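Dear colleague,

I am passing on a structure for you to look at, and my notes on it follow below. Please open the model first and then read the notes beside it.

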There are 2 protein chains.
Amino acid sequence: MAKIAALSGFPEWLPAERLVEQHVIDVFREVAELHGFSGIETRAVEPLEQMLRKGEIDKEVYVLRRLHAEDDADGESSDPSRTLGLHFDLTVPLARYVLEHQNDLAFPLRRFQIQKVWRGERPQDGRFREFYQADLDVIGQDTLPGHIEAEVAVVMAEILDRLPLPAFTIHANTRRLSEGFFRSLGLEDNAAVLRSLDKLPKIGADAVRALLREEAGASEEQAEAALAFASIRTRDASFADQVRALGGNGEMVEQGIAELTAVIERVEAAVPGVVVADLSIARGLDYYTGTVFETFVTGHESLGSICSGGRYDSLASDNRHTYPGVGLSIGLSRLVSRLLSAGLAKPSRPVPTCVLVSVADEQHRGASDEAARQLRRRGIACEVAPTAAKFGKQIRYADRRGIPFIWFPGTDGVADEVKDIRSGEQVPADAATWEPPAEDRVVRILGSEAEDSAAKD
Amino acid sequence: MAKIAALSGFPEWLPAERLVEQHVIDVFREVAELHGFSGIETRAVEPLEQMLRKGEIDKEVYVLRRLHAEDDADGESSDPSRTLGLHFDLTVPLARYVLEHQNDLAFPLRRFQIQKVWRGERPQDGRFREFYQADLDVIGQDTLPGHIEAEVAVVMAEILDRLPLPAFTIHANTRRLSEGFFRSLGLEDNAAVLRSLDKLPKIGADAVRALLREEAGASEEQAEAALAFASIRTRDASFADQVRALGGNGEMVEQGIAELTAVIERVEAAVPGVVVADLSIARGLDYYTGTVFETFVTGHESLGSICSGGRYDSLASDNRHTYPGVGLSIGLSRLVSRLLSAGLAKPSRPVPTCVLVSVADEQHRGASDEAARQLRRRGIACEVAPTAAKFGKQIRYADRRGIPFIWFPGTDGVADEVKDIRSGEQVPADAATWEPPAEDRVVRILGSEAEDSAAKD
């Protein structure tokens with residue numbers, strides 16, 4: 001065989017690790033469906049032309065060609081309009097899907113989508129070339145009520161709340177509030193102000209104050225007010241009074257306050273203690289047209305925002321319709337990678353199997369099959385020992401795989417027995433009725449707290 | 001916007017159709033896990049060199065290049081050993097995964113894998129360029145007991161049995177039986193005999209008889225016996241006596257009989273009435289080294305085999321180990337496509353939402369949110385109406401989406417009410433305790449029989 005080497009940037013999990021990734025995907029889907037979101041998948045490829053409309057990404061696209069395309073009449077590789085690339089996100093495909101299928105979709109469309117995306121970036125700093133994104137969007141046809149922004153944030157909060165994460169915080173701001181405030185200060189170059197404030201964490205208040213004066217034309221007083229605005233962080237609607245106290249006023253400011261208040265209050269009602277109004281958030285405010293979200297995990301701020309998004313007024317449009325949306329996206333592989341590498345989540349066992357059914361000898365394999373069938377009928381995952389080795393060896397086999405129970409089918413009228421490999425306890429049991437402890441029935445994903453308490457036992 | 005067109009060969013489902021695909025995937029995973037199979041995913045790309053070892057597929061591979069690769073030092077496109085292609089099946093990646101991770105895997109490895117694969121074939125005859133495969137394999141390290149062949153067939157039978165399929169039949173044969181039988185007839189060119197018999201459905205017995213004489217050097221008597229052998233089809237182990245009556249004897253024949261009997265009896269015990277010993281199966285017997293399986297759906301034979309596989313003695317090997325396996329693969333997208341196009345399966349409703357919670361006016365949206373939260377707490381999927389339109393309009397909104405229930409939160413001490421949109425019945429209800437009928441709780445996938453009985457109601 002040729003030598004086998006891992007490909008940098010293309011992560012691959014071992015079976016036990018995949019259980020954690022699958023759990024994260026399952027939670028996302030379960031919560032999204034509870035909120036009436038439909039799952040879709042789009043094809044992995046889009047015409048290169050369509051993807052290049054997002055100029056910043058053009059270096060990162062993987063282009064496809066058929067190995068022998070030059071030999072045949074198809075000619076894909078020579079006609080650029082037919083060149084296909086792997087999608088680098090799930091937003092470009094969603095826009096195309098919405099336009100392509102608009103006559104068959106009900107709007108507002110509530111859709112989630114969990115798929116791999118590909119970017120030809122240099123794999124470094126935990127950036128992958130192939131990774132899962134998990135997206136959640138509500139897309140309206142021509143109109144989309146403002147309160148959807150709060151609603152999507154609630155769904156995100158509930159998803160994150162059910163994941164085996166340490167404490168996380170969803171930071172929310174809204175374009176209208178920032179823009180309205182800067183306007184009511186007399187600062188008209190909104191983009192320049194946002195660009196300056198975006199640098200706050202990196203270069204500090206003094207440097208940003210200078211930038212505001214040089215780049216955004218702010219007076220000392222205006223710069224001071226902008227900095228004070230950006231320092232506002234509240235867990236409730238009290239940010240509003242602070243904004244007003246700094247001189248924020250006018251219709252736009254009040255609209256922004258109402259929007260952001262709705263977001264904070266609805267998320268707080270659904271998942272207490274996770275959302276914060278954070279008026280320093282500037283990134284994305286020039287792209288999104290309403291509320292914008294970023295999410296950070298306590299102690300893992302180096303991950304950056306694990307879940308971001310907001311409102312955009314036009315996902316797509318054609319001659320007949322415009323499609324505004326509110327969307328959030330989790331960089332799922334990156335998050336799972338951290339959960340695994342930091343020991344934040346692990347499966348309660350490395351395999352789905354709850355019970356290994358032993359085999360006394362090959363002549364009695366049928367009895368073992370029957371016991372396994374009875375257990376499976378009640379949803380208890382089991383496998384039958386691959387060989388009729390000595391029982392000690394079969395026990396070690398189960399132990400090595402992390403299977404918690406081993407089943408001994410009785411012969412000649414003797415009752416079956418089941419042994420808990422961890423405690424060594426062995427008791428008579430009936431395959432038609434035996435129940436494992438609830439915590440052993442299916443694989444559970446344990447967070448680090450659960451690990452701690454398990455370690456104490 | 002550029003014009004939007006579907007890409008031939010890249011199927012994409014609408015949300016309701018995706019529910020059917022997701023169901024098939026869920027069933028596969030659930031049954032596989034019940035049997036102790038671990039789910040894995042491999043990266044979508046493999047080095048082109050590795051994939052080209054399977055010569056027959058080389059025209060079909062999609063090769064990747066980074067859009068601006070020629071501009072930088074990475075040079076992937078110029079170094080063929082670093083050229084990547086999209087995997088065209090899940091077997092080549094599994095072989096590489098097993099070798100790469102062999103020190104971290106427990107053998108026999110029981111793994112399932114459900115992922116998209118890509119083939120640059122001309123999209124015709126229902127062939128896709130991007131499609132899901134669902135694979136199930138048991139991989140041993142150096143050895144793998146023969147009874148695993150029966151075990152994998154059982155898992156497949158249970159998966160297929162739970163899918164919304166019309167009647168299906170798993171046809172099994174084993175190489176040792178065919179080869180042993182032909183040898184005991186005195187026919188040594190096993191490959192030529194198999195090649196001839198493989199043409200039976202297309203060219204008929206007379207033409208195959210001629211082929212056997214010309215290509216496999218068979219006498220008239222030998223050709224007749226081979227044809228009689230290939231006509232054996234039994235639902236139980238009685239094929240054995242028929243084989244012996246035709247002159248089959250010797251160790252290889254008896255081994256083959258024992259193998260195939262074990263498969264038939266184990267599958268019959270698990271899922272009665274689906275397996276058949278079919279000694280006409282020749283395809284793949286030169287590739288597989290033990291039992292071989294093909295599966296046909298009654299009335300949909302034009303689909304070809306929806307699930308095929310068998311035993312292979314070497315999935316992969318390196319200096320230290322050889323990895324034999326038994327595997328089965330479902331062409332999942334092709335199957336789902338037929339389920340949808342032939343109306344064999346459809347979701348009980350097109351969206352996950354069970355209840356639309358109406359909104360009396362925007363001031364009372366919080367009450368609607370709270371009712372929805374209480375319902376969701378007990379796993380009842382709901383969405384809150386996007387606008388506080390007139391109730392008639394909200395009811396039509398739910399109806400159009402296929403949501404079966406609409407909830408009216410009470411105000412000022414009046415009880416909540418819930419309306420079944422289909423029957424029109426409206427009753428007082430408490431969001432903390434109300435239960436929808438069991439059949440409405442979550443989306444179910446209805447087979448065509450269920451459709452029939454539903455139509456009778």
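Predicted model: local features only at pLDDT ≥ 70, side-chain atom pairs only at ≥ 80, totals over all residues.

Residues are numbered from 1 along each chain as written, chains are lettered from A and ligands numbered from 1 in the order written, and side-chain values use heavy atoms, without hydrogens and water.

Helix α4 (residues 148-162) and helix α10 (residues 251-270), both of chain A, pack at an angle of about 30° with their axes 9 Å apart (axes are fitted to C-alpha atoms over the stretch in contact, and angles between N-to-C directions run from 0 to 180 degrees). α4(A) is therefore roughly parallel to α10(A) (under 35 degrees; over 145 is roughly antiparallel). On the α4(A) side the contact includes A:A150, A:A153, A:V154 and A:A157, and on the α10(A) side it includes A:A262, A:V263, A:R266 and A:V267 (contact means heavy atoms within 4.5 Å). By class, this contact has eight nonpolar, no polar and five charged residues (Ala, Val, Leu, Ile, Met, Phe, Trp, Tyr, Cys and Pro are nonpolar, Asp, Glu, Lys and Arg charged, the others polar).

Helices α7 (residues 200-215) and α8 (residues 220-230) of chain A pack at an angle of about 155°, with their axes 7 Å apart, so α7(A) is roughly antiparallel to α8(A). Here too the crossing is right-handed. Among the residues that make the contact are A:L200, A:V208 and A:L212 of α7(A), together with A:A223, A:L227 and A:A230 of α8(A); the contact as a whole divides into eight nonpolar, no polar and four charged residues.

**Helix α13 of chain A**

In α13 (residues 391-401) of chain A, the residues A:Q394, A:Y397, A:A398 and A:R401 are buried (under 20% relative accessible area with a 1.4 Å probe and protein chains only; exposed is over 50%, partly exposed in between). Seen down the axis of α13(A), the buried residues fall within an arc of 95° and so line one face of the helix. The face turned away from them carries the exposed residues A:K393, A:R396 and A:R400. The buried residues of α13(A) pack against β14 (355-357), β15 (382-384) and β16 (405-408) of chain A, together with β5 (109-118) of chain B. Just after this helix, A:G402 takes a positive phi of about 85°.

Chain A has 15 helices and 19 strands, and its C-alpha trace spans about 95 × 65 × 45 Å along its principal axes. Of its 457 residues, 57% are buried.

In chain B, B:Q102 lies in the loop between α3 (91-101) and β5 and counts as buried at 8% relative accessibility; the residues it touches, apart from those up to four places away in sequence, are B:F107, B:Q141, B:D318, B:R320, B:H321 and B:Y323. B:D313, in strand β11 (residues 307-317) of chain B, is partly exposed, with a relative accessible area of 39%. B:D313 and B:Y323 are 10 residues apart in sequence and 7.2 Å apart in space, C-alpha to C-alpha.

Technical notes:
Helix = DSSP H or I, 4+ residues; strand = E, 2+ residues; numbered from the N terminus. Parallel < 35°, antiparallel > 145°, perpendicular 65-115°, else oblique. Arc of directions from axis to C-beta. Left-handed = near helix turned anticlockwise from the far one by under 90°.
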